[in-house]
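Subject: Structure handover

Hello,

Here is the structure for you to look through. My notes follow below it.

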Amino acid sequence: MCTSVLRLLCVSLLLSPSLSCYQCFVDVQDSLRLCWGHVLTEHNVRNVDGCFRKLDRIFNNNETVIEAGRVGQGYDTQLKAILDAEIMPLVEEFDNKLNPDTVYEERLQTAADNFIAAASKLPRVTGCFPPCGFQSAGAVYNCITCKYDSCEFPLDCPVEEIKVMENSRSRMRCDVPFGLPNDIEVIWRFAEEVKTQQLDQFKEVTVGVDRLYSIPSTRLHHQGTYQCEIYSGQNSIVRLYYYITVTPQVVAGHTELQEIFDLSLLPGGQLLSSPDGPPNPILQLPSLLTACLTTSLLLLCLSLGALYWSSIPQRRGDADETDGSEDEESSYLV
């Protein structure tokens, strides 16, 4: 009768809302054997309930223990082995033997510290990569639920917009930042002219393993949303979306010319030179005109100076001839 009551008490405590790695890996029967001889030193009475409260404080409500148990996929078996190596020797030692609560406190705390040290050395997960996709490799063991928590992202990724010119090549890759299984299947679908993520609007285009979808010469009827869905077996892993906008070639040419013209104008109708290109010749006209006028004036001055200096000998010759004539006239008069 006593054993049945203790067993019920043990089960009720272990099934409380607060769980940890201890409840995940240690059997209820072993916990009962461990706590059977727990004696309250103050009152010198056996008290199993006090032992379970001690386990709850040292293991179940210990955030460090819970964090040490957050290991990567497949390492939960090693967590169990580490905890068994610490707890089972105590179970065998304390089974049907009375021990004071101070001994329990010391030995259980040492077991928890050893578990934390060993479990913390196990591989951690690489993490989850937002914003979408079922990422099994990012799963982490949760000692509160005794299960692996996957990255809780939706399968559907946001729509990525791609703008292309008519007759140019379009390329879309079904790539994700997380690891994929080896047995993947890739399905490409297309919803013409619309930007959507509604599954019923897509029509299947290709099925296989190729994650690259290429359109050698994009036409107007290629405009719309492309969906890439990756499967592993029968399970969908991720859905990526690409919305392609096709610009007609004639419109694109007119638009480019208009943009170039608009960018080339300053307020007031002045032309703007490109910051990366050669200077605008029209912007250099004032300086060119100034240089030309300066050069012309300099040449004019030089020409006038040369003309002036060349005329001096002639003027002197004329003056001498005039003096000679005056002398002749004077002598004649005499």
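Start with L34. Leaving out residues up to four places away in sequence, L34 touches Y22, L55, I87, L90, V91, F94, Y104 and L108. Contact here means heavy atoms within 4.5 Å. L34 sits in helix α3, residues 28-35. Helices are DSSP runs of H or I with at least four residues, strands are runs of E with at least two, and both are numbered from the N terminus. L34 counts as buried because its relative accessibility is 0%. Buried means under 20% relative accessible area, exposed means over 50%, and partly exposed is in between (1.4 Å probe, protein chains only).

A word on the source. This is a predicted model, where local features need pLDDT of at least 70, side-chain atom pairs count only at pLDDT 80 or more, and totals for chains, interfaces and linings use all residues. Residues are numbered from 1 along each chain as its sequence is written, and side-chain values use heavy atoms, with hydrogens and water left out.

Now the whole protein. It has nine helices and twelve strands. Of its 334 residues, 31% count as buried. Take the contacts between residues at least 6 apart in sequence: 66% of them join residues at least 24 apart. The protein exposes about 20,800 Å², and carbon and sulfur atoms supply 57% of that. Areas come from the Shrake-Rupley method with a 1.4 Å probe; for residues, only the protein chains shown count as cover.

Next, helix α4. Buried residues in α4 include F52, L55 and F59. L55 is also one of the residues that L34 touches. N47 caps the N-terminal end of α4, with a side-chain oxygen 3.4 Å from the backbone nitrogen of D49.

N142 is in strand β4, residues 140-142. N142 is buried, at 11% relative accessible area. Beyond its neighbours within four places in sequence, N142 is in contact with K147 and D149.

Last, helix α9, residues 285-333, which holds L307. L307 counts as exposed because its relative accessibility is 56%.

Best wishes

Note on methods. Polar contact = N/O pair within 3.5 Å; in protein donor to acceptor, adjacent residues only side chain to side chain.
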